[in-house]
Amino acid sequence: MRYLINMSYDGSKFYGYQIQNNEKTVEGEIERILSKILNIKINTIASSRTDRGVHALNQYCHFDYDKKIDTKKLKHSINSLIDKSIYIKKISLVNSDFHARYNVVEKQYIYKINMLDYDPINKDYIFQYNKKISRELLEIFINKISGCHNFKSFTSDKDKDNYERNIKVEYKIQNKTLYLKFTSSGFLRYMIRNIVGLLIDINEGKKKIEDIDLIFKSQNRTSCGRCAMSCGLYLDKIKFK
């Protein structure tokens, strides 16, 4: 039987999602507690592998277990034992052919930027840029970045067969916090953070808005510039087919 877990977590407390030797990770915690409760080694498959410091409002993973489980009791048991920076929101029994990674049709990320004074309380949860980014720049930037492009210049991935992605970028400003929303069927590693880093560089005059076309054309990571900090990035929503 296959079970789907929906969770949220504070990424600042972990060395990323994926299991790593001698490091505390979200996947490591999930599998450790599941294995303890079910008294058998449990392996999980996640919808997305978030990097160190990246948060999740809705992350998913599935695991297989050959017995029927009371999912509400399991949810309670996991939450009572697991690190308090992780919260299991729901556990569901799904079809045996469901796959938490391959059944994804859309992912949505949010990146938060503080444009007011430095906020030490939220430094692990909102990128402390502490400078204004105009709506005019945002409109032009988003118009150029959105759509179908080759994003090879925006990733450290070197072994992909296809770097083309179709993304939708939106924004809102609330209480001087900029919320950038990125939606696509899939993203490359560091892609969103590199896009945000380019926005910052353009806002500071280190690059020009016209450079975006040249960066896409170059297909070279060094042409893009800085990678924005992970603290402002949230895995927000995942849709399955």
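Figure 1. F154 is buried, with a relative accessible area of 0%, where buried means under 20% relative accessible area, exposed over 50% and partly exposed in between, computed with a 1.4 Å probe on protein chains only. F216 is also buried, with a relative accessible area of 10%. F154 and F216 form an aromatic pair that is tilted, at 5.3 Å centre to centre and 45° between the planes; rings of Phe, Tyr and Trp (its six-membered ring) pair if their centres lie within 6.5 Å, and planes under 30 degrees apart count as stacked, over 60 as edge-to-face and the rest as tilted. Because F154 lies in the loop between β7 (147–150) and β8 (164–174) whereas F216 lies in helix α5 (residues 211–218), the pair ties together parts that are 62 residues apart in sequence. Helices (H or I, at least four residues) and strands (E, at least two) are DSSP runs, numbered from the N terminus. The model is predicted, so that local features need pLDDT of at least 70 and side-chain atom pairs count only at pLDDT 80 or more, while totals for chains, interfaces and linings use all residues. Residues are numbered from 1 along each chain as its sequence is written, and side-chain values use heavy atoms, with hydrogens and water left out.

**Figure 2. Y109 and F187 among the aromatic pairs.** By the ring rule given above, the count comes to ten aromatic pairs. The rings of Y109 and F187 have their centres 5.4 Å apart and their planes at 85°, so this pair is edge-to-face. Y109 belongs to strand β5 (residues 104–114) and F187 to the loop between β9 (177–184) and α4 (191–203), so the pair ties together parts that are 78 residues apart in sequence. Y109 is buried at a relative accessible area of 9%, and F187 counts as buried at 19%. One aromatic cluster is formed by Y60, F98 and F240.

**Figure 3. S8 in strand β1.** S8 is found in strand β1 and, at 18% relative accessibility, counts as buried. Once its neighbours within four places in sequence are left aside, S8 is in contact (heavy atoms within 4.5 Å) with A56, L57, S85, I86, Y87 and K89.

**Figure 4. I19 and N21 in the loop between β1 and α1.** The loop between β1 and α1 holds I19, and N21 is likewise found between β1 (2–9) and α1 (26–38). At 42% relative accessibility, I19 counts as partly exposed, whereas N21 is exposed, with a relative accessible area of 70%. Not counting residues up to four places away in sequence, I19 touches T25, E27, G28 and E31; the C-alpha atoms of I19 and E31, twelve residues apart along the chain, are separated by 9.3 Å. The C-alpha atoms of N21 and D97, which are 76 residues apart along the chain, are separated by 30 Å.

**Figure 5. The chain around these views.** The secondary structure comes to five helices and ten strands, and 50% of the 241 residues count as buried. Taken along the principal axes, the C-alpha atoms of the chain fill a box of roughly 60 × 40 × 30 Å. Among contacts between residues at least 6 apart in sequence, 70% join residues at least 24 apart.
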